[in-house]
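Good morning, everyone. Let's walk through one model together, contact by contact. Please look at the screen.

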Amino acid sequence: MNHPAPVEISCENMRFLITHNPPTNATLNKFPEELKKYGVTTLVRVCDATYDKPPVEKEGIHGICAVCTCFD
(Lines give C-alpha, C1' and ligand atoms only; values in the text may rest on other atoms or scores of the structure.)
Protein backbone atom coordinates (compact mmCIF):
# COMPACT_ATOMS: atom_id res chain seq x y z
CA MET A 1 0.00 0.00 0.00
CA ASN A 2 1.37 3.42 -0.94
CA HIS A 3 1.05 6.23 1.56
CA PRO A 4 1.26 9.96 0.87
CA ALA A 5 4.58 11.64 1.61
CA PRO A 6 4.93 13.45 4.96
CA VAL A 7 3.57 17.00 5.01
CA GLU A 8 5.45 19.80 6.74
CA ILE A 9 3.46 22.67 8.25
CA SER A 10 5.04 25.84 9.67
CA CYS A 11 3.33 28.27 12.02
CA GLU A 12 5.32 31.19 13.45
CA ASN A 13 8.42 29.58 15.02
CA MET A 14 7.00 26.02 15.10
CA ARG A 15 7.22 23.27 12.49
CA PHE A 16 5.04 20.15 12.34
CA LEU A 17 5.55 17.04 10.24
CA ILE A 18 2.39 15.04 9.58
CA THR A 19 3.02 11.42 8.61
CA HIS A 20 0.34 9.17 7.21
CA ASN A 21 1.77 5.79 8.04
CA PRO A 22 2.64 5.05 11.66
CA PRO A 23 5.77 2.97 12.10
CA THR A 24 5.64 -0.65 13.12
CA ASN A 25 8.44 -2.72 14.61
CA ALA A 26 8.96 -4.17 11.12
CA THR A 27 9.47 -0.70 9.55
CA LEU A 28 11.10 0.97 12.54
CA ASN A 29 14.62 0.71 11.12
CA LYS A 30 13.96 3.51 8.59
CA PHE A 31 11.57 5.65 10.64
CA PRO A 32 14.09 7.61 12.80
CA GLU A 33 16.25 8.14 9.71
CA GLU A 34 13.27 9.66 7.89
CA LEU A 35 12.36 11.89 10.86
CA LYS A 36 15.93 13.16 11.14
CA LYS A 37 15.78 14.36 7.53
CA TYR A 38 13.18 16.85 8.71
CA GLY A 39 14.95 17.70 11.99
CA VAL A 40 12.29 16.07 14.19
CA THR A 41 13.19 16.03 17.90
CA THR A 42 9.77 15.30 19.44
CA LEU A 43 7.30 12.74 18.16
CA VAL A 44 3.64 13.23 19.15
CA ARG A 45 1.51 10.16 18.64
CA VAL A 46 -2.28 10.48 18.47
CA CYS A 47 -2.95 6.80 17.87
CA ASP A 48 -2.22 3.55 19.65
CA ALA A 49 1.44 2.58 19.81
CA THR A 50 2.47 0.40 16.87
CA TYR A 51 6.19 0.23 17.69
CA ASP A 52 8.67 -0.05 20.55
CA LYS A 53 9.83 3.38 21.77
CA PRO A 54 13.45 2.63 22.83
CA PRO A 55 14.91 2.44 19.28
CA VAL A 56 13.39 5.84 18.43
CA GLU A 57 14.48 7.40 21.73
CA LYS A 58 18.00 6.00 21.21
CA GLU A 59 18.17 8.22 18.11
CA GLY A 60 17.40 11.32 20.23
CA ILE A 61 13.73 11.57 19.27
CA HIS A 62 11.47 11.78 22.31
CA GLY A 63 7.90 10.51 22.18
CA ILE A 64 4.72 11.95 23.64
CA CYS A 65 1.30 10.34 23.55
CA ALA A 66 -1.49 12.86 23.03
CA VAL A 67 -5.21 12.37 23.39
CA CYS A 68 -7.16 13.64 20.42
CA THR A 69 -10.64 14.97 21.20
CA CYS A 70 -13.07 16.20 18.57
CA PHE A 71 -15.68 18.88 19.23
CA ASP A 72 -18.79 19.85 17.30
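Start with helix H1, residues 31–37. Lys37 and Glu34 sit 3 residues apart in this helix, so about one helical turn separates them. Helices here are DSSP runs of H or I with at least four residues, strands are runs of E with at least two, and both are numbered from the N terminus.

A word on the source. This is a predicted model, where local features need pLDDT of at least 70, side-chain atom pairs count only at pLDDT 80 or more, and totals for chains, interfaces and linings use all residues. Residues are numbered from 1 along each chain as its sequence is written, and side-chain values use heavy atoms, with hydrogens and water left out.

Back to our pair. Lys37 forms a salt bridge with Glu34, and their closest N and O atoms are 3.4 Å apart. By salt bridge I mean a side-chain nitrogen of Lys or Arg within 4 Å of a carboxyl oxygen of Asp or Glu. Why can such pairs form? Side chains of opposite charge can pair when their charged atoms come close.

How open are the two partners? Lys37 is exposed, at 60% relative accessible area. Glu34 is partly exposed, at 32%. The cut-offs: buried is under 20% relative accessible area, exposed is over 50%, and partly exposed is in between, with a 1.4 Å probe and protein chains only.

How many salt bridges does the structure hold? It holds 3. Another one joins Lys36 and Glu59, at 2.9 Å from N to O. Lys36 lies in H1, and Glu59 lies in the loop between helix H2 (53–58) and strand E4 (62–65), so this pair ties together parts that are 23 residues apart in sequence. Lys36 is partly exposed at 43%. Glu59 is partly exposed too, at 31%.

Then there is Arg15 with Glu8, whose closest N and O atoms are 2.7 Å apart in a salt bridge. Arg15 is exposed, at 52%. Glu8 is partly exposed, at 38%.

Now the rings. There is 1 aromatic pair. The ring centres of Phe31 and Tyr51 are 6.5 Å apart and the planes are at 45 degrees, so the pair is tilted. The rule: rings of Phe, Tyr and Trp (its six-membered ring) pair if their centres lie within 6.5 Å; planes under 30 degrees apart are stacked, over 60 edge-to-face, and the rest tilted. Phe31 is in H1 and Tyr51 is in the loop between strand E3 (42–45) and H2, so parts 20 residues apart in sequence are tied together. Are these two buried or exposed? Phe31 is buried at 10%, and Tyr51 is buried at 11%.

Next, the strands. E3 and E4 run parallel, joined by 4 bridges. Strands pair if DSSP finds at least two bridges between them. Thr42, for one, has His62 in E4 as its bridge partner.

Last stop: the loop between strand E1 (7–11) and strand E2 (14–18). Glu12 lies there. Glu12 is not a glycine, yet its phi is positive, about 55 degrees. Glu12 is also exposed, at 78%.

That's the tour. Questions, please.
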